[in-house]
Amino acid sequence: VFSPYALESGYQLTRLDDAVFSVIRDQYESTGGIHPSYSMLAETFDVRNGGRMSVFTLFSSMEEQDVLDLIREKVLSIAKRKLDAQPDLYFENYETLLMDTFDPLCFALTDSGLTLFWQTYAIGPYVSGVQRFDIPYDELSGSMDEQWMPL
């Protein structure tokens, strides 16, 4: 009569300095159905004013479309490497879905780079889970505003 129920959540502080506060929160929930749900929410805040940042804030000297193109290029490069190792990781049309489902608020800054997330089912089947793409700062040098680089 009773289904097992589980709810677990946690967080990871990925960067805190004079410029930004970044945190990744994860949540696992199972209500006894065939698939539990798992999600990750990354948030980055400007320490000076406390406001939540968009990824576009990191590239203030670039047009929005140029930022999207840069992100697409970097993420596709990582995705193709992942796909070589795991051929069924993404849906066939994942290249289109990447930017169709991109959330400019769901990112974190770390000591080593920019991390972007796509939720379960956004670009791949359930078994692929949440997809994480880490872009090192050195690949963003010259594009990303220096004020957001770690000290």
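**The whole chain**

Follow the chain along its sequence and you read β-β-β-α-α-β-β-β, which comes to two helices and six strands. Here helices (H or I, at least four residues) and strands (E, at least two) are DSSP runs, numbered from the N terminus. This is a predicted model, where local features need pLDDT of at least 70, side-chain atom pairs count only at pLDDT 80 or more, and totals for chains, interfaces and linings use all residues. Residues are numbered from 1 along each chain as its sequence is written, and side-chain values use heavy atoms, leaving out hydrogens and water.

Zoom out: the C-alpha atoms fill a box of roughly 55 × 35 × 25 Å along the principal axes. Of the 151 residues, 42% count as buried (under 20% relative accessible area; exposed is over 50%, partly exposed in between; 1.4 Å probe, protein chains only).

**Stop one: Q131**

Select Q131, in strand β6 (residues 131–136). Is Q131 buried or exposed? Q131 counts as buried, because its relative accessibility is 5%. Now show what surrounds Q131: beyond its neighbours within four places in sequence, Q131 is in contact (heavy atoms within 4.5 Å) with K82, L89, Y90, L116, F117, W118 and I123.

**Stop two: helix α1**

Next, pick D66 in helix α1 (residues 64–85). D66 has a relative accessible area of 40%, so it is partly exposed. Then move to A85, also in helix α1; at 66% relative accessibility, A85 is exposed.

**Last stop: a distance**
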